[in-house]
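Welcome! Have a look at the sequence and the structure below, and then we will go through some of the details together.

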Amino acid sequence: MAKTNKLVLIDGNSIAYRAFFALPLLNNDKGIYTNAVYGFTQMLLKILEDEKPTHILVAFDAGKTTFRHKTFGEYKGGRQKTPPELSEQFPFIRQLLDAFKIKRYELENYEADDIIGTLASYAADGNWDVKVFTGDKDLLQLVTPDVEVVLTRKGITEVEAYTVEQVNERYGITPHQIIDMKGLMGDPSDNIPGVPGVGEKTAIKLIKQYGTIEKVLDSIDEISGAKLKERLTENKEQAIMSKELATITKEAPIEVSLEETNYDGYETSSIFPLFKELGFNSLLERLGGDEEILQDEEKEELNFKTVTKIEADMLTSPSSIIVETLTEDYHKAKIHGFAVSNDAGTFYIPSSVADQSEEFHEWLQDQNQKKRMFDAKRAHVALHGQGIVLNGIDFDIQLASYLLNPSESLDEVADVARQYGKSNVDVNEAVYGKGAKKKLPEDEAVLAEHLCRKAHTVFQLSDLLDEKLKENEQSDLFYQLEMPLALVLAKMEEFGVKVKSDTLQKMGADLDIQLTALEKDIHDLAGVSFNINSPKQLGEILFEKLNLPPVKKTKTGYSTSVDVLEKLEGKHEIINKILIYRQLGKLRSTYIEGLLKVVKEDTGKIHTRFNQVLAQTGRLSSIDPNLQNIPIRLEAGRKIRHAFVASQPGWKILAADYSQIELRVLAHISQDENLIEAFKTEMDVHTKTAMDVFHVEESEVTSEMRRHAKAVNFGIVYGISDYGLSQSLGITRKEAGEFISSYLDSFPGVQQYMKDSVSEAKHNGFVSTLLHRRRYLPEINSRNFNLRSFAERTAMNTPIQGTAADIIKKAMVDMDQRLTDEKLEAKMLLTVHDELIFEVPENELQKLEEIVCEVMESAVELDVPLKVDVNWGDSWFEAK
DNA sequence: CACGGCACGC
DNA sequence: GACGTACGTGCCGTGT
C-alpha cells in the first residue's frame, strides 16, 4: 500500500556543519561567507527534487544547554566552538528556509535530534513515509520500517539511506540497539563516557549476544575476559547513563504539529532575490532565473558604429579586435563578423564588409598595428583558413588572465570580464543559444552589439591585466614566453601532421579480426552473448554467473577495471581474453577510428588544437585529436605511431625528449646535494634512488628495487599520496608510506623543499615556478583533511611540473626562432609534455639534431645539466 | 545530453 | 580517524 504522506525531517545543524566542512570558504562579493549556505541549498534542492515531500521540517539545536546536561553536566563538554565563519551563516540558512516556505523549528533545552525523533514518532500511524537527513550516525536509532535515515557521505549531495535491513547489515544490530551500543562505547564527540576500553567492535559483540546494556550488565559473570569484566562492573552506572544520554527522546514538548509541516512548494520570486544577494548565480540559473535577474546590473550603454565602409581612422594602434567564430573547432570555423575597439571608438565590421576591404586585410597583416585580443590563437588559425595572416598580436587577455590565475574559467570574454568586475558583456550562450540550437541571432544588430561589447571589454581589460602582470612579476613570462608561444602553437596547428589513413585502416582490419575472435571466445566461455564493453553486463557475468570473487565495487556496481581483472587472472580463462579485448578495443575505437575521423580528407593531415589556458600546472593539453596520449607503453598500441609520418616524401620524423626533466628540476629547486650529484655524474636516477632508499650498493640493486624506486620518483613528480603509490605498486599503504619517508630521509634537501613549498603556499596563498607561473591553493588552510592534503601535495608538485612546462615552452619559442634564423625547412609539429616532434628533410637531419639539443638543453640554466635524447626515422614509431 | 566507468599518455 | 586521493582527453554504455 502506498502511503499518503511523505515527511522529510532535516537535521539543520548537522547538514550545515557538513556543508561548511565539505566546501572551501566561499564568500560572496560583499565578503560574507556562504559555503555552508550554498551547500545547504544544494542539499535542500536535491531533497525537494528527489523526495517530493508532502511535509517537511528543518530542526535546529537551541541554546547551549539541554535536558541532558541535568543528567551529565559535562555532556558535549570539550567540544570545539563552532567556527565563527559558520555561525555567521546560520541567519542566512534561516532566511533561506523562510524563502523556500519550509517550516523550521527549534526548542529550548532540546536538540534537533529530539525534535526529529518526536515528529517521527507522531508519524507512526502507518500513513507516513518518513525520511530523516543528517550527518550524525546517532540518528540511526530512529530507523523503523516507516522511517529511513539518510546519512551524508561525502561532498554535499552524496548520501546513503539506511533502512532497518541496512542498519543491520552495517552494524549487525537493530536500530534501537544503537543506543545500547553507544552506551557501551561512548562518544567522544558528545563527551559521552561509555565504558572505557570498549570500542565499537566489543560493543557490537556484546549487544548482539545479549540484546541490551541492561542484559549485558546482568550477565557480567558469563562474559569472557577478566579486564573487560572488570571494566563493565566498575562502569555499570556510567554505561546506563551513557545510554540515556545517547537516547533521542520521542516525547519532546514540541509545539508543532505534523499538519504544520505541510509543504506546498516554493515560489522562485521570493528565492531569487536571496540567491542574488548571496551570489548563487549557478543555482539561480538552475531554478530558471531569467536573464534580467542573472544580469542584475543594467549593462552600461555602449556607443558603437556598424561599419559599411572601412575608414582609416577606425584602424589605429593599439586596437582590440574580435574575430567571431561559433564552432568550437576553429580549424574549420566560419568567421561571422569582426569588431574593433580603440581610442577612436568601437566598430562592428560585418564579414561582408571585411571581405571586400583590402585596407582591413592589410591592417590585420600589419606587424606594426598592435592588436589586443581574446584567444589570439583561435583568430590566427581561423584567419589562416581564409588565407589571411594575422600579425601584430600584442596582448591576449585570455592568456594574461590564465597567468594571473589559472584556476578561473576562461572560455570567453565574459568570463574574464566578470573576474575583473566588468559586467558589460553577455555570455555567448545568451546570444547564440547552445547545443543543437546554437545559431547566429536573427537580428544582426544583436550580433553587432555583442561583438562590440567584447571588443570594448578586451580593449579596456588589456591595460588592467598588463598592470596586474607587472605587480606579479609575470610580464616576462607573458611577453617573452606565453604570447610568442601562442603564435608558435598556431603555426603548428595550422601545419598539421601527416597521418597515413591506409596504415590505420589496415591495423583496424587486423584488430577487427582479432576482436571478433576474442568476442566469440569470451561469449563461449561465459556461455552467453553479452556486451563486453558494458561494465554492468560484464560485472554480472563475472561476479554472478561465473561466481568470481568481486574485488572492488563502484557506486553503481562491480568494478571491472584492469587492476581488478588482473587479480582474477588465473581464476578463469575468460579474464585474460577480456583484458586483451579491452586493450585492442581501446586501440580500435580511440586510436584507429578516432584518428581516422579527424584526418582531413584532402591533405591526409590531422590538425590538433593545443589548449594553452587549461592545465593548472602550466602544461599544454591537446584535443581533437589528443596527440598527447598516443600509445607507447605496449607494443600493440605503439604501432599506431607507424601512421604518423612526414608530409613530404623523403622527409623524416625527428623526436627530441628531455631525459628526467622533472627530477632534474627537483634537484635544482631543492638544491638536494645527493640528487644534484646523481645528475652531475650521469647516474641512472632510479638506480641511484633504489641504492639510497634500500641502502644497498649499485651492484645489489635488483630490478624489483629499481621498479619500486621508479614508482617513488614517479610519485614525487606527480604529487601522489601514499595511497596512490600503494596502488601503483600493489603494496599496502603503510609500506608505501615507509618508502616515501625512506626516500625523504635519503634526500634531505628534497624533504626540506617539500616543507618550504607547503609553508610558502600557506603564507602567500600560492606557489610558483622558475619563470613565475603561479598556482593558488586556497585549500591549503582548510580544516578538511582531504582538501588540505591535496593542496599540500599540489604545493610540492606544481613547482616541479610547472617549471618543466616553463622549460619546454621556452625551448619551443627558442626553437621556432632558430629554425627561422638558420633558414631550415624543418617544421615543428607537436609537443608531448617533455618531447618535441619535427619533420625534417634528410639533408637537414644533422643540423636539426644539433640545434634541437643545443636549444632544448640551454632553454634555461639549472644547477644540473638538462639532457635531451634525439631519435629519428620514417615515422613517429621509428623515432624512438 | 550528462554522467560514470574505463583507459591512454605524461 | 574519516576523508578520497597527479593531470589531462576520449571512448562506450546507461538513463534522462
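Predicted model: local features only at pLDDT ≥ 70, side-chain atom pairs only at ≥ 80, totals over all residues.

Residues are numbered from 1 along each chain as its sequence is written, chains are lettered from A and ligands numbered from 1 in the order in which they are written, and side-chain values use heavy atoms, leaving out hydrogens and water.

**Nonpolar cores**

- A nonpolar core is a set of buried Ala, Val, Leu, Ile, Met, Phe, Trp, Tyr and Cys residues joined through side-chain atoms within 4.5 Å; buried means under 20% relative accessible area, exposed over 50%, and partly exposed in between (1.4 Å probe, protein chains only).
- The largest core has 146 residues, and Ile640, Phe644, Tyr658 and Leu848 touch the most other members.
- Helix 27 (residues 573-598) supplies the largest share of this core, 10 residues; helices (H or I, at least four residues) and strands (E, at least two) are DSSP runs, numbered from the N terminus.
- A second, separate core of 50 residues includes Val149, Tyr171, Ile223 and Leu258.

- Six strands make an open sheet in the order 7-10-9-8-11-12, with mixed pairing; two strands pair if DSSP finds at least two bridges between them.
- Strand 7 (305-306) and strand 12 (393-396) are at the edges with a single partner strand each, so one side of each has no neighbour in the sheet.
- Strand 8 (residues 319-325) and strand 11 (residues 371-373) run parallel and are joined by 2 bridges; Ser320 has Arg372 in strand 11 as its bridge partner.
- Ala445 is found in helix 22, and counts as partly exposed at 46% relative accessibility.

**Aromatic rings**

- Rings of Phe, Tyr and Trp (its six-membered ring) pair if their centres lie within 6.5 Å; planes under 30 degrees apart count as stacked, over 60 as edge-to-face and the rest as tilted.
- By this rule there are 17 aromatic pairs.
- The centres of Phe60 and Phe90 are 6.3 Å apart and their planes are at 85 degrees, so this pair is edge-to-face.
- Phe60 lies in strand 2 (residues 55-60) and Phe90 in helix 5 (residues 90-99), 30 residues apart; both are buried.
- Phe360 and Trp363 are stacked, because their ring centres are 6.0 Å apart and their planes at 20 degrees.
- Both Phe360 and Trp363 belong to helix 17 (residues 358-365), and both are buried.
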